Amino acid sequence: MSGTGHSSKDAEGAAFQWIRLTGFGREESCRRRERKDTRKALMLRHFYKNCFIPALEQTVFQENRYYHIHQEQLIELFLSSFRQLCHRLYARQQERLIGAISIIEYSLQASSNADELFAYRVEAYGEQGYDDSEPYFENYNTAWLYQFVPELMTNLNEQRKAYGGKILGGDIEDMMRGELVLFHQFAVGLIRSAIPRAISEPQYAALAKTDSFNIRLGQEGKQRKTIYIKHEVIDFEQ
């Protein structure tokens, strides 16, 4: 498929560049938990540098390899979910529960559930856009994106035992939440690769859409980026 290789390289490059440039310096999540416990602060920094970052690099490497090998399959799974989304929205339009669609938005949610640190929420807005009082929403299954995270968390929880109980499971979860962008890059690459095919699906064509219809992608609490405006795929630097 044209463009797929380019997007996969974008995802890989962005993820590893983030680690290389900021990995050992990003201690904000540690500092937030320092409080007045200087000894714990030192241990958190040591653990972050010597345990967390090396383990995270390995996990991103695993995800990158999986992404490259299974990219076409992952795109097909996304297209299947997109077709189902359009079908459900069309049914709501037929029942006059929602008007012409103005926005479809995919956003990475930082979950408080330790067993599933992140997932994607899909929201569809009617003609009023973000002023729509009852937007449609569902979840986009991205289990592939964090399939290696449970093993990472298990390994880190074993390593923290050497720190005399000063480092807690919650500290590791905070560190992970600070690095979600690394995994988000793969979803960005995947969805950008899939969009040209998604908008050619008959289920999408059947939807009533506003003239300003667009598809957006981003992270919860941050500005979403437009990746498609009606009749035009948008390229952007993440």
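Which residues line the largest cavity? The legends below take up this and other views of a predicted model.

**Figure 1. Overview of the predicted model.** The protein has seven helices and six strands. Read from the N terminus, the elements follow the order α-α-α-β-β-β-α-α-α-α-β-β-β. Of the 238 residues in the protein, 48% are buried. Among contacts with a separation of 6 or more, 70% are between residues 24 or more positions apart. The accessible surface of the protein is about 12200 Å², and carbon and sulfur atoms account for 48% of that surface.

**Figure 2. Lining of the largest cavity.** A search of the whole structure returns one cavity of 30 Å³ or more. The volume of the largest cavity is about 40 Å³. The residues that line the largest cavity are Ser81, Phe82, Leu85, Tyr106, Val122, Glu138, Asn139 and Tyr140. At least two residues of this lining come from α3, and at least two come from β3. Phe82, Tyr106 and Tyr140 of the lining also belong to a cluster linked by ring pairs.

**Figure 3. The aromatic pair of Phe78 and Tyr140.** The count of aromatic pairs comes to 15. Phe78 belongs to helix α3 (residues 38–94) and Tyr140 to strand β3 (residues 136–140), so the pair ties together parts that are 62 residues apart in sequence. Both Phe78 and Tyr140 are buried.

**Figure 4. The aromatic pair of Phe213 and Tyr228.** The ring centres of Phe213 and Tyr228 are 6.3 Å apart and the planes are at 65°; planes over 60 degrees apart count as edge-to-face, so this pair is edge-to-face. Phe213 is in strand β4 (residues 209–219) and Tyr228 in strand β5 (residues 225–229), which puts the partners 15 residues apart and links distant parts of the chain. Phe213 and Tyr228 are both buried.

**Figure 5. The aromatic cluster.** Ring pairs join Phe78, Phe82, Tyr106, Tyr120, Tyr140, Tyr204, Phe213 and Tyr228 into a cluster.

**Figure 6. Charged side chains over aromatic rings.** Lys209 lies over the face of Tyr204, 4.1 Å from the ring centre. At another site, the charged end of Arg121 sits over the ring of Phe137, at 3.9 Å from its centre.

**Figure 7. Ile227 in strand β5.** Is Ile227 buried or exposed? The relative accessibility of Ile227 is 2%, and buried means under 20%, so Ile227 counts as buried. The C-alpha atoms of Ile227 and Arg192 are 7.1 Å apart in space, while the two residues are 35 residues apart in sequence.

**Figure 8. Backbone at Arg96.** Where does Arg96 lie? Arg96 is part of the loop between α3 and β1 (101–110). Arg96 is not a glycine, yet its phi is positive, at about 60°. The relative accessible area of Arg96 is 77%; exposed means over 50%, so Arg96 is classed as exposed.

Notes: Residues numbered from 1 in each chain as written. Predicted model: local features only at pLDDT ≥ 70, side-chain atom pairs only at ≥ 80, totals over all residues. Heavy atoms only, no water. Phe/Tyr/Trp six-rings, centres within 6.5 Å; stacked < 30°, edge-to-face > 60°. Helix = DSSP H or I, 4+ residues; strand = E, 2+ residues; numbered from the N terminus. Buried < 20%, exposed > 50% of the residue type's maximum accessible area, 1.4 Å probe, protein only. Lys NZ or Arg CZ within 6 Å of the ring centre and 35° of its normal. Contact = heavy atoms within 4.5 Å. Areas by Shrake-Rupley, 256 points an atom, 1.4 Å probe, with all protein chains shown as cover. 1 Å grid on protein atoms, 1.4 Å probe; cavity = no way out; pocket = protein on both sides within 12 Å on 5 of 7 lines; lining within 4 Å. Points joined across faces, edges and corners; volume = space filled by probe spheres on them.
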